[in-house]
Amino acid sequence: MEKKSHYNDKYGATIIKTMQRERKLFGTNGIRGTPNRDLTSDFALNVGRASATIFGTKTVAMGRDTRDTGDMLFSAVMSGVLSTGVNVIDLGILPTPAVQYYCKIHGLYGIVITASHNPPEFNGIKCIDMDGTELRQEDELRIEDALSGGNWKLCRWDEVGRVTGDPGGGDLYINSVIAKVDAARIRARNFRVAVDCGNGAAYHTTPKMLRELGCSVVELNSYPDGQFTSRQSEPKPENLADLISVMKSGNFSLGIAHDGDADRAVFIDEKGNFIDGDQSLSILISSIAGKGDTVVTPVSSSDNLEHIAREKGFNLVRTKVGAPIVSRTIIGKNAKIGGEENGGVIYGDHQYCRDGAMTVALMLNLIAERRKPLSQIVSELPGFRLYRTVVRISGKDPQKILHELDKKNLSEKVDRTDGLKIYLDGGWALVRASGTEPIMRIYGHGRSMEEAEKINKKVTEVINSLL
Ligand code: MG
């Protein structure tokens, strides 16, 4: 796509420059920005108009996470959709994968107002295809073209769309998740679990699903709070101190934490250890994929999967980073399962998107089946670890930094699938630009956390010298 600087003047939307690395409004996971700064009501209204015009259908399903700015953006986008003569089904606050499942089952396009795990000052607009997967990039570009040209449909007054509510999206979703696991076996174990919904969209779905799976549930932050005052939304260990201490204080089998829109789930083992999303991805894939199956994961997840693939006899396909890319590859390759190293598991048997509640149910299914504690299952992994950091690059061109890093020739073996993956003694480093924030992500990979950290630090030093 060419430069679209006129967005700024015409729609009052100064979309963060680094979010449109390819001169696009849509990043790896929809449009993101700060409401009333670069994500205004006027802009959201026009996104609603342009999206509905491109969808070309009679009805669009809409949902949102718990952010306080969700009301403003939701109603603006909804108004835009209605003005084109398209009806809206208002699903209310729902996990993104629950909206996606609704779209898949009813054959509808969808729009979700969410900024996923980002801090509360952000929000976003994400479009869903009729199969429940994130909208194809070519369709996102068509929406951008419609936006830049002001090419949207405005219907006659007596054709304006209508709104109906459907409060059943949450139950539809959790019932379909439960149907994909051995619920009787899970119920028979009467697991004691602790769940931290982070005041996000899963507050009324995941605890309910856990109880329906026979668990006794201790809930943390399972009420909506759009300021995320209890903890930050990203489910990483430093944000999960309360959950970890609850896990250490009692006799629990599993601790669970979601991000703001609950397309991801991460776990705490029965001893109170944080289980990295890369480790939980590896053990879930290992439990599901068998001989002849195909598994899809980005270049950012660890080499555990190569080892497990050799042992189990499944084919492993590596992609660029980004859940929609992984999902589309899973569909194209007819793969069984896939996912990212951040707790985003995509289970093709259910739907083709990151699926937080499905990830939770699969994990319960696994510990019910193995009859072993999670810590023991994790200890049986090949043992490769990731050490991740970020570097702020405000104002700098990430592609230029990557180019300069490439010119340093740190290794003869590099992989340019996404960013720069540099194979070094004892492991590899991956450096890439974030698709949603003005940062570069640096991954160190090694046979232990210490080695992974060492590699990360080595490459970070080089990047700092380039900055
Ligand atoms: Mg998310």
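1. Welcome to this structure! Its protein chain falls into domain 1 (3-167), domain 2 (172-379) and domain 3 (385-466), with bounds from an automatic or database domain assignment. This is a predicted model, in which local features need pLDDT of at least 70 and side-chain atom pairs count only at pLDDT 80 or more, while totals for chains, interfaces and linings use all residues. Residues are numbered from 1 along each chain as its sequence is written, and side-chain values use heavy atoms, leaving out hydrogens and water.

2. Have a look at domain 2 and domain 3, whose C-alpha centres lie 27 Å apart. Each of the two gives 13 residues to the contact (heavy atoms within 4.5 Å). Together they bury about 1,100 Å², 48% of it on carbon and sulfur atoms; buried area is the accessible area (1.4 Å probe) lost on putting two parts together, summed over both.

3. Two salt bridges are counted between domain 2 and domain 3 (a side-chain nitrogen of Lys or Arg within 4 Å of a carboxyl oxygen of Asp or Glu). D276 and R388 form a salt bridge, with their closest N and O atoms 2.7 Å apart.

4. Now for the magnesium ion: S116 (OG), D259 (OD), D261 (OD) and D263 (OD) coordinate it at 2.0 to 2.1 Å. Donors are N, O and S atoms within 2.8 Å of the metal (3.2 Å for Na, K and Ca), and sites may look incomplete because water is not among the atoms. The donor spacing in sequence is S-x142-D-x1-D-x1-D.
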